[in-house]
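State the cut-offs behind each term where the term is used.

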Amino acid sequence: MTTRRLVRRLGGLAFGGDYNPEQWDKSVWEEDDELMRRAGVNLATVGVFSWALLEPKEGHFDFGWLDAHLDRLHANGIAVDLATPTASPPPWFTLAHPDALPVRSDGTKLVHGSRDTYCLAAPAYRGAARRVALALAERYGDHPAVAMWHVHNEYMTLCWCDHVAASFRVWLHTRHGSLDALNEAWGTAFWSQHYTSWDQVLPPRATQWHHNPAQALDFSRFWSDEALAAYVDQRDAIRAHSDRPVTTNLMVPGYQNLDLWAFGREVDVVTIDHYPIAPGVDAAADTAFGGDRARSFGGGRPWLLMEQGTNTVYAGDRVLAKEPGEILRHSLGHVAHGSDGALFFQWRQSRAGAEMWHSAMVPHAGADSRVFREVTALGAALGRLGELAGSTVRAEVAVLHDSDSWWAMNGDGLPSAELDYLGPLRRAHRALWDAGVTTDFARPDDDLSRYRLVLAPALFLLSDASAENLRRYVAGGGTLLVQHFSGVVDARLHARLGGYPAAPLRAALGIRVDEYRPLGSGEQVVLSDGSHGTVWSESVRLDGAEAVATYTGGMLAGGAALTRHRFGDGHGWYLSTRLDDANYAVLVDRLLAGTGVGPDLPDLPFGVEAVTRHAEDGRRWLIVLNHTADVMPLPAPGHDLLTDTTAHELPPGGCVVLSLP
C-alpha cells in the first residue's frame with residue numbers, strides 16, 4: 001500500500017495536522033469544526049498522546065470520548081489518521097512496571113513526568129503497547145473516519161537497562177552464532193575483552209574510556225531492529241482488524257537512532273517529521289534534504305510530511321519565526337520533492353504543557369492572525385493541486401547514505417574530531433541543490449545503474465559486497481566520486497589491510513591510499529588548481545588513475561589530491577581532502593557537466609528551486625519556488641495551477657506549479 005489509497009479517500013493532497021481535542025472544551029470543538037472547514041483541512045492525526053485517557057486503568061478502556069470526536073470529525077468531512085498512544089505511557093503504567101522505565105548509559109533510571117519514558121525492550125511495555133493498539137484496531141478498524149493508522153510517535157528513545165542487555169545478547173547470538181564468532185568480530189583480543197560466557201556481554205554502557213567500536217556499532221544495529229520489531233508488533237495487531245494503511249512518523253534530524261531504510265520497507269506509507277535547522281535559503285535547502293531522504297527511504301514512491309511547524313525554524317538555541325510566505329513555500333517544497341500533502345504539529349497551539357510555545361495552525365492569537373491566514377491560503381493552494389497526488393520525482397544523481405557507516409563514524413577514537421557523517425552528506429546534497437539538480441539518496445548496495453552520477457561523501461564503513469557493487473557501477477558506465485576516509489573498514493569495523501579503500505573500490509578508482517595525514521584545527525592545504533582543502537589529507541598512490549589536482553606543499557607536495565580513472569565504461573573520481581564549499585561546488589558542477597546532468601529548469605538564479613513531478617500517464621508538473629527577494633522571470637510562460645492563470649514571472653517569495661506539455 002502507498003499514499004494512493006489515502007489520496008483517493010481524501011480526493012487529493014493531504015492537509016491538516018495533529019489534533020488534540022482532549023485539551024479543550026465543547027466551545028473550542030465547535031470553533032475547530034468551523035475553522036477546519038475554512039482552512040480546507042481534510043486529515044487530522046488523533047490520539048498520539050492520549051494513553052492515560054484511553055486506558056485510565058490497566059486493561060480497562062474508555063473509548064466514549066474518542067468515539068464522539070471521530071464521529072464529529074467524520075461529520076465535518078475530516079478523515080482521521082488514528083494514532084496508537086504508545087510514545088507516552090500513563091503514570092499508572094510506570095508505577096505498576098518500574099522495570100520498564102528507561103535507563104541511561106551511566107545507570108541513571110529516568111522517572112515519569114515527560115514523554116518517551118519507556119524501554120522498548122521491556123516485556124511489560126511491549127505487551128501494554130500491543131494491547132492498546134489491538135483494542136483500538138478492534139474498535140475502529142472499519143470506522144468510516146479512519147483513513148490511516150499512525151503507530152507510536154518518533155521512535156527515538158534509547159535504553160541500556162537489563163532488559164536491553166538480555167535482548168542484545170539474543171540479537172548477538174542470532175547475528176554471530178557463537179561467542180567465538182563474536183570475539184573475532186569485535187576484536188576482543190585487544191584490551192583483554194575476550195568473552196567466555198554470554199552473561200559477560202553488555203550494552204555499551206558508560207565506561208572508563210573508549211568503547212569497543214564494534215560493540216557500539218552492533219548495539220546501534222540491534223536498537224534499530226528492536227525499534228522496528230516494536231513497530232511491527234503494533235502494525236500487525238492493527239492489520240488483523242483493519243485494511244487501512246499503517247505508518248509511523250520518522251524523524252530525519254541530525255542523529256541516527258534508526259535504520260530508516262529498514263523502516264521504509266515495513267511502513268505502508270513513509271511519513272516524516274521535518275523542522276528546518278536554519279532560516280532563509282538554508283531552510284529551503286534543508287527542506288529539500290529532508291524531502292529527498294524521505295522519498296528515497298520509500299524506494300521513490302510518494303510519501304507524506306506528517307509534521308512540520310507552521311512558524312518554527314530551529315537555529316541553535318533559538319526558535320525563530322518563519323517569514324511571511326514561508327509556510328506555503330516550505331510546504332510546497334516538500335510537495336515538490338514527493339510528498340502527497342502537508343501536515344503540521346499541531347492544529348491548535350496548546351495553552352499549557354511542555355510544548356505550549358510550539359507553533360500551530362491556530363496560534364494563541366486565534367484565527368485573526370497572520371499564521372492562520374497563511375495556513376488557510378496553504379489549504380486552498382493544496383486543494384488546487386489534487387492532480388499531483390500519486391505522481392513521483394525522478395533523479396539522475398544519487399548521494400550514498402548508509403546507516404552502518406553513520407553509526408560507525410559515531411564511535412570513539414577516530415583520528416580527527418572533525419570527521420563526521422552528516423556534514424559531508426549535507427554538503428553533497430547542498431551542492432547539487434545549489435546546482436538545481438534533483439537528487440536521490442541510495443545505499444551502497446542498491447542497484448545504481450539508473451544514475452549517471454553517484455556521490456559517496458562518507459563511506460567510512462563499506463562491506464565487501466557494497467565495494468563490489470560500486471566497482472560494477474563504474475565499470476558499467478557510471479561516474480562515481482568517492483571522498484576521503486572511505487572504504488577503510490569492513491562490515492565488522494575491521495581496518496582494511498594492504499591499502500585503502502576496499503580492493504574492488506581501489507580497482508574502480510585506480511588508486512591506493514597508503515597513509516592518512518589529518519590536518520590541524522584551522523589548517524588548510526593548497527592544491528595545484530588553486531582550491532583549498534581542510535580537515536584531512538592523504539598520501540595517494542596512482543594505480544591507473546590520473547592526478548587532476550595535486551598538493552602543493554609539505555610532505556605531500558606533488559602528490560595526488562583529486563584523481564580520475566577511466567574504468568570499464570565509467571569514471572571513478574577520488575577526493576582525498578575536504579574542499580571548502582565554493583571549491584566543492586566547482587567540482588560537483590564539473591562532474592554534472594561531464595555526465596550531462598542538468599537542472600529541471602536551466603539558468604535559474606541562486607535561491608530559486610525547480611522540481612518536476614511525473615505521473616504514470618505522462619503528465620508532468622514543474623514546481624518553481626522563489627526563495628529570494630527578487631522578481632524572477634520564467635523562461636517561458638505556463639499555466640499555473642495555484643492561480644489558474646498564465647504565469648510569466650515569480651514575485652519575491654512566490655511559487656508556481658506549472659502544467660507541462
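In helix 11 (residues 281–297), the residues Val281, Asp282, Ala284, Ala285, Asp286, Ala288, Phe289 and Asp292 meet Leu422, Leu425, Arg426, His429, Arg430 and Trp433 of helix 15 (residues 422–434), where contact means heavy atoms within 4.5 Å. This is a predicted model, in which local features need pLDDT of at least 70 and side-chain atom pairs count only at pLDDT 80 or more, whereas totals for chains, interfaces and linings use all residues. Residues are numbered from 1 along each chain as its sequence is written, and side-chain values use heavy atoms, with hydrogens and water left out.

**Helix packing**

- Helices (H or I, at least four residues) and strands (E, at least two) are DSSP runs numbered from the N terminus.
- The axes of helix 11 and helix 15 come within 10 Å and cross at roughly 105°, each axis being a line fitted to C-alpha atoms over the stretch in contact, with angles between N-to-C directions running from 0 to 180 degrees.
- Helix 11 and helix 15 are therefore roughly perpendicular to each other, on a scale where angles under 35 degrees count as roughly parallel, over 145 as roughly antiparallel, 65 to 115 as roughly perpendicular and the rest as oblique.
- For helix 7 (residues 162–176) and helix 8, the axes come within 9 Å and cross at roughly 90°, which makes helix 7 roughly perpendicular to helix 8.
- The contact between these two helices brings Phe168, Leu172 and His176 of helix 7 against Ala181, Leu182, Ala185 and Trp186 of helix 8.

**Salt bridges**

- A search of the whole structure finds 45 salt bridges, each defined as a side-chain nitrogen of Lys or Arg within 4 Å of a carboxyl oxygen of Asp or Glu.
- Asp233 forms a salt bridge with Arg126, with the closest N and O atoms 2.9 Å apart, and this pair links distant parts of the chain, since Asp233 lies in helix 9 and Arg126 in helix 6 (residues 123–140), 107 residues apart.
- In that pair, Asp233 is partly exposed at a relative accessible area of 27%, while Arg126 counts as buried at 18%; buried means under 20% relative accessible area, exposed over 50% and partly exposed in between (1.4 Å probe, protein chains only).
- Glu468 and Arg471 meet through their side chains in a salt bridge of 2.8 Å, N to O, and both residues lie in helix 16 (residues 464–475), three residues apart, about one turn of the helix.
- A salt bridge of 2.9 Å, N to O, joins the side chains of Arg512 and Asp514, of which Arg512 is partly exposed at 26% and Asp514 is partly exposed at 34%.
- Elsewhere, salt bridges that share partners join Arg175, Asp218, Arg221 and Asp404 into one network.

**Burial and the surface**

- Helix 12 (residues 326–336) is largely enclosed by the rest of the structure, because ten of its eleven residues are buried.
- The buried residues of helix 12 are Glu326, Ile327, Arg329, His330, Ser331, Leu332, Gly333, His334, Val335 and Ala336.
- On the surface, Phe190, Trp191 and Trp209 form a nonpolar patch with about 430 Å² of accessible area together, an area that comes from the Shrake-Rupley method with a 1.4 Å probe, where for residues only the protein chains shown count as cover.
- Such patches are made of residues with over 30% relative accessible area and no salt bridge, like charges being joined within 9 Å and nonpolar side chains (Val, Leu, Ile, Met, Phe, Trp, Tyr) within 5 Å.

**Backbone geometry**

- Trp191 lies in the loop between helix 8 and helix 9, is partly exposed at 46%, and has a phi near 60°, a positive value in a residue other than glycine.
- Glu154, in the loop between strand 4 (146–150) and helix 7, has a positive phi near 50° and is buried, with a relative accessible area of 6%.
- Gly338, which follows helix 12, has a positive phi near 120°.
- The peptide bond from Phe345 to Gln346 is cis, with omega near -5°, and Gln346 lies in the loop between strand 11 (339–344) and helix 13 (370–383).
- Another cis peptide bond joins Tyr500 and Pro501, with omega about -10°, and Pro501 is placed in the loop between strand 16 (479–483) and helix 17 (503–509).
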